[in-house]
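Open the model in your viewer and keep the selection panel at hand.

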Amino acid sequence: MEKILISSCLLGNQVRYDGGDNRLTESCIAKWQAQGRLCVICPEVSGGLPTPRAPAEQRGGQVITCDGQDVTAQFHLGANLALAVAQAEGVKMAILKARSPSCGSMRIYDGSFSRTLTDGDGLTAAALKQAGIRVFSELELDEAQLYLEQLDAECH
Ligand code: SF4
């Protein structure tokens with residue numbers, strides 16, 4: 001059975017920078033959880049950052065908090081640990097929180113802390129993509145379900 005790496009906050013775990021979560025209530029999530037498909041990771045917490053923590057954004061190859069602290073190393077560590085979990089579990093797809101500097105895919109905040117988006121991937125999303133893992137956001141659950149069906153069909 002194909003497994004799915006998923007951002008911890010999307011399952012309702014309160015690991016977001018402000019201590020909140022981004023719980024998804026779609027029925028596919030509960031189904032995948034009951035099937036034991038989900039590998040849950042919060043790269044920022046795994047990388048050693050506390051919750052709550054200062055919000056951070058990517059800027060010029062670094063990750064900087066809103067108060068100027070360089071947290072690039074913690075973000076890289078979290079990305080590497082997420083990739084290690086994915087590879088250990090044989091994961092071929094991930095569902096990661098949109099716009100996060102770790103988990104965001106295709107569009108992330110631009111480093112100005114003005115809620116302005118720019119093209120780019122979060123560090124974890126980028127590491128997974130480089131390893132050939134297909135990354136979806138929570139805004140692409142329909143596409144993710146179709147891709148999972150394809151993977152399951154290839155297994156049989
Ligand atoms: Fe959610 Fe990813 Fe941010 Fe952790 S790093 S709170 S899993 S978006």
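Is T72 buried or exposed? Select T72: the residue is buried, with a relative accessible area of 11% (buried is under 20%, exposed over 50%, partly exposed in between, with a 1.4 Å probe and protein chains only). This is a predicted model, in which local features need pLDDT of at least 70 and side-chain atom pairs pLDDT 80 or more, while totals for chains, interfaces and linings use all residues. Residues are numbered from 1 along each chain as its sequence is written, and side-chain values use heavy atoms, with hydrogens and water left out.

T72 lies in helix 3, residues 72-88 (a DSSP run of H or I, at least four residues; strands are runs of E, at least two; both are numbered from the N terminus).

Next, select F136 and Y147, which are both buried. The structure holds 1 aromatic pair. The ring centres of F136 and Y147 are 5.7 Å apart and the planes stand at 50°, so the pair is tilted (Phe, Tyr or Trp rings, the six-membered one for Trp, with centres within 6.5 Å; under 30 degrees is stacked, over 60 edge-to-face, the rest tilted). F136 is in strand 8 (134-137) and Y147 in helix 5 (141-155), 11 residues apart.

Last, go to the largest pocket, with a volume of about 640 Å³ (on a 1 Å grid over the protein atoms alone, an open set of points for a 1.4 Å probe with protein on both sides within 12 Å along at least five of seven lines; lining residues have an atom within 4 Å of a point; the volume is the space filled by probe spheres set on the points, which are joined across faces, edges and corners). Select R16, Y17, A56, S100 and P101, the closest to its centre of the 33 lining residues.
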